[in-house]
Amino acid sequence: MENRRSKTGSLITIAALVFAAAVCFFGRISVAYGQDSFTVKATFAGSDTVSYESIESVKYLESYDGGTRSLGVGSFNSLRICNS
């Protein structure tokens, strides 16, 4: 019985690590600009569309603080957007 619990725990741990690695390396964030709006799509998190009319102001920043993420995918691929 103890051996069976150990195998089950090991399988759950391995599955969790494989899932975490997949999220980190295969997640994507993309932005599509349209005529009236832009859409941000993220793997495992869906998409969100923002109309240009709903934007109240735009400001140029000399330096950018990326801030913090609450929920969502912490993908290594998202670093390309932050650093580009």
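Two strands pair if DSSP finds at least two bridges between them. Strands themselves are DSSP runs of E with at least two residues, helices are runs of H or I with at least four, and both are numbered from the N terminus.

What we have here is a predicted model, where local features need pLDDT of at least 70, side-chain atom pairs count only at pLDDT 80 or more, and totals for chains, interfaces and linings use all residues. Residues are numbered from 1 along each chain as its sequence is written, and side-chain values use heavy atoms, leaving out hydrogens and water.

Start with the hairpin. Between β2 and β3 there are three residues, and Phe 44 in this hairpin has a positive phi near 70 degrees. Strand β2 covers residues 37-42 and runs antiparallel to β3, with six bridges joining them. Opposite Phe 38 stands Val 50 of β3.

Ser 37 also belongs to β2. What does Ser 37 touch, not counting residues up to four places away in sequence? Ala 32, Thr 49, Val 50, Ser 51 and Tyr 52, where contact means heavy atoms within 4.5 Å. Glu 53 lies 16 residues from Ser 37 in sequence, and their C-alpha atoms are 8.1 Å apart.

Now the whole chain. The order along the sequence is α-β-β-β-α, that is, two helices and three strands. Of its 84 residues, 10% are buried; buried means under 20% relative accessible area, exposed over 50%, and partly exposed in between, with a 1.4 Å probe and protein chains only.

Next, the surface. Ile 29, Val 31, Tyr 33, Val 40, Tyr 52, Ile 55 and Val 58 make a nonpolar patch of about 650 Å². Patch residues have over 30% relative accessible area and no salt bridge; like charges are joined within 9 Å, and nonpolar side chains (Val, Leu, Ile, Met, Phe, Trp, Tyr) within 5 Å. A salt bridge is a side-chain nitrogen of Lys or Arg within 4 Å of a carboxyl oxygen of Asp or Glu. Areas come from the Shrake-Rupley method with a 1.4 Å probe, and for residues only the protein chains shown count as cover.

Strand β1, residues 29-33, gives the most to this patch, with three residues. Ile 55 sits in the loop between β3 (46-51) and α2 (79-82). Ile 55 counts as partly exposed because its relative accessibility is 37%.

Last, confidence. pLDDT is the predictor's confidence in each residue, from 0 to 100. The chain has a mean of 79, and 75% of its residues reach 70 or more. Over residues 80-84, pLDDT stays under 50, and the model has two contacts for them beyond four places in sequence. Where pLDDT is low, the predicted coordinates should not be read in detail.
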